[in-house]
Amino acid sequence: MKRFSSPLAALAMLSLVASTPAVHADSGGDQGEARKERKAGNIMSIRQIEQMVLPRMAGKQYLGPDYDSAAMAYRLKFIQDGKVYFVDVDARTGRIIGQSR
């Protein structure tokens, strides 16, 4: 790491870093809600859902999940040949409840 030539430069850099807002996932939002529901045993884990859905989506690249706490559903996102596909899954049962084509 580079050393600063003066304490004033180091202080200026430190104040810049301290004033920059942190960018991170909100632990409270839908993802936090999914963790809470999973720990309570109310929904299946995303890993269980993926094990059921991914084999059915052969040829498509998996981009990742989202969780909708109001619907208690996961939305898995895929892409193939530039087209995006979504698969909505009931988080309580693992049943596919919607799919875009």
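This tour goes through aromatic pairs, charges over rings and salt bridges in a predicted model.

Local features here need pLDDT of at least 70 and side-chain atom pairs count only at pLDDT 80 or more, while totals for chains, interfaces and linings use all residues. Residues are numbered from 1 along each chain as its sequence is written, and side-chain values use heavy atoms, with hydrogens and water left out.

Tyrosine 62 belongs to strand S1 (residues 61-68) and phenylalanine 78 to strand S2 (residues 73-80), so the pair ties together parts that are 16 residues apart in sequence; strands (E, at least two residues) and helices (H or I, at least four) are DSSP runs, numbered from the N terminus.

Next, select lysine 60, which lies over the face of tyrosine 85 at 4.7 Å from the ring centre; the rule asks for NZ of Lys or CZ of Arg within 6 Å of the ring centre and within 35 degrees of the ring normal.

Finally, turn to glutamate 50 and arginine 47, whose side chains meet in a salt bridge at 2.7 Å, N to O, the term meaning a side-chain nitrogen of Lys or Arg within 4 Å of a carboxyl oxygen of Asp or Glu. Both lie in helix H3 (residues 46-53), 3 residues apart, about one turn of the helix.
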